[in-house]
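Colleague: Could we go through this model together? I would like to start with the loops and then move on to the helices.

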Amino acid sequence: MRQKIVAGNWKMNKTVVEGRVLIEGLKDLVGKVTDPVVLVCPPFTALTEIAMSLKDSEIRIGGQHMHEADSGAFTGEIAAEMLLTSGCSHVILGHSERRALFSETDEAVNIKAKKALSAGLVPIVCVGETLEERETGNTEKVIEGQLGGSLDSLSESDMKKTVIAYEPVWAIGTGKTATPEQAEEVHGFIRKLLADKYGSKIAEEVTILYGGSVKGSNAAGLFAKENIDGALVGGASLKADDFAAIVNAMV
Ligand code: PGA
């Protein structure tokens with residue numbers, strides 16, 4: 001059985017006080033849910049505070065980004081150990097916004113993923129095509145390239161611990177969700193790529209999340225698909241009711 005996950009990516013939203021309000025609301029609604037795993041990824045500044053608020057809850061927390069070095073002169077960056085000791089179990093890597101706005105490459109994502117795994121964090125590795133890439137028929141080529149680069153030389157045991165998020169760039173923050181069929185097609189393709197490289201047993205164990213305008217109203221249709229194991233949610237993770245509706249679509 002694959003682990004199901006509903007993860008909220010708060011992006012650059014919520015001060016510490018605002019984050020605490022959101023998390024108290026979420027605790028009331030889904031604080032005891034263990035399947036799916038409910039994960040929130042607040043900004044770095046709120047991690048410690050949110051982790052404290054979550055002590056009596058099943059909700060877990062993750063980082064949105066990470067640097068691969070242990071420590072040092074990397075102004076503005078955060079190390080794996082800092083995330084771990086702030087209470088994180090997961091870290092999002094290679095989100096399309098990091099790739100597009102901060103020039104993160106597959107190679108960089110690969111180095112970070114290996115560092116996260118060796119530190120004991122679960123990497124959530126994001127891949128996804130742009131609208132132009134989809135319209136020119138290049139979706140599979142793009143996904144294969146991103147996955148190949150981002151997961152390069154990961155061992156079998158590391159692959160089993162890694163989570164993949166398929167997030168078509170054209171669906172992120174646009175209100176335009178991929179249909180369950182469009183998403184399932186790519187999720188199935190990703191699982192086939194994993195099976196080619198690691199064998200079908202390991203491929204069957206890897207959690208593959210969908211992300212891109214997931215809401216309470218479209219989540220159940222996506223989750224009904226065989227290869228969609230949960231969601232990485234942006235906008236709808238910023239309100240407790242909206243996020244809980246997505247979690248409840250899977251419970
Ligand atoms: P969205 O963002 O749900 O606002 O489309 C998803 C994401 O960027 O992870």
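Colleague: Where is Ser-153 found?

Modeller: Ser-153 is in the loop between H7 and H8. Please bear in mind that this is a predicted model. Ser-153 has a positive phi of about 55 degrees although it is not a glycine.

Colleague: And what about the phi of Ser-103?

Modeller: Ser-103 is likewise not a glycine, and its phi is positive, about 55 degrees. Its place is in the loop between H4 and H5.

Colleague: Does Ser-103 count as buried or exposed?

Modeller: Ser-103 counts as exposed, because its relative accessibility is 60% and the cut-off for that class is over 50%.

Colleague: Which residue follows H5, and what is its phi?

Modeller: Gly-120 follows H5, with a positive phi near 100 degrees.

Colleague: Which residues of H5 are buried, and what do they pack against?

Modeller: The buried residues are Asp-106, Val-109, Asn-110, Lys-112, Ala-113, Ala-116 and Leu-117. They pack against strands S4 (88-93) and S5 (122-127), and against helices H4 (96-101), H7 (139-150) and H8 (156-161).

Colleague: H7 is in that list. What span should its 12 residues have?

Modeller: At 1.5 Å a residue, the 12 residues of H7 should span 16 Å, and its end C-alpha atoms are 16 Å apart, which agrees.

Colleague: Which of the H7 residues are buried, and what covers them?

Modeller: Thr-139, Val-142, Ile-143, Gln-146, Leu-147, Gly-149 and Ser-150 are buried in H7. What covers them includes H4, H5, S5, helix H6 (131-135), strand S6 (163-166) and H9.

Colleague: Changing topic: which residues have the most contacts inside the largest nonpolar core?

Modeller: Those are Val-40, Ile-164 and Ile-190, in a core of 65 residues. Helix H9 (residues 180-198) gives the largest share of this core, seven residues. Apart from it lies another core, of 13 residues, among them Val-37, Ile-92, Val-163 and Ala-165.

Colleague: What does Ile-190 touch, leaving out residues up to four places away in sequence?

Modeller: With those left out, Ile-190 touches Val-127, Ile-143, Leu-147, Ile-164, Tyr-166 and Ile-208. Two of these, Ile-143 and Leu-147, are among the buried residues of H7.

Colleague: Now the helix at 240-248. Which of its residues are buried?

Modeller: In that helix, H12, the buried residues are Ala-240, Phe-243, Ala-244, Ile-246 and Val-247. Seen down the axis of H12, they fall within an arc of 155 degrees, so they line one face of the helix. They pack against strands S1 (5-9), S2 (37-41) and S8 (230-233), together with helices H1 (16-30) and H11 (216-223).

Colleague: How far apart are the C-alpha atoms of Asp-28 and Ala-240?

Modeller: They are separated by 9.1 Å, although the two residues are 212 residues apart along the chain. Asp-28 is in helix H1, and at 68% relative accessibility Asp-28 counts as exposed.

Colleague: What about Ser-237: buried or exposed?

Modeller: Ser-237 is buried, with a relative accessible area of 1%. Ser-237 is found in the loop between S8 and H12. Not counting residues up to four places away in sequence, Ser-237 touches Gly-8, Asn-9, Trp-10, Leu-22 and Phe-243.

Colleague: And where is Ser-57 found?

Modeller: Ser-57 is in the loop between helix H2 (47-53) and strand S3 (60-63). Ser-57 is also buried, with a relative accessible area of 14%. Beyond residues up to four places away in sequence, Ser-57 touches Lys-27, Gly-31 and Lys-32.

Colleague: One last point. Which residues does the cis peptide bond join?

Modeller: A cis peptide bond joins Asp-35 and Pro-36, with omega about 5 degrees. Pro-36 lies in the loop between H1 and S2.

Terms used:
Residues numbered from 1 in each chain as written. Predicted model: local features only at pLDDT ≥ 70, side-chain atom pairs only at ≥ 80, totals over all residues. Heavy atoms only, no water. Buried < 20%, exposed > 50% of the residue type's maximum accessible area, 1.4 Å probe, protein only. Helix = DSSP H or I, 4+ residues; strand = E, 2+ residues; numbered from the N terminus. Contact = heavy atoms within 4.5 Å. Arc of directions from axis to C-beta. Core = buried A, V, L, I, M, F, W, Y, C linked by side-chain atoms within 4.5 Å. Expected span 1.5 Å × (residues − 1).
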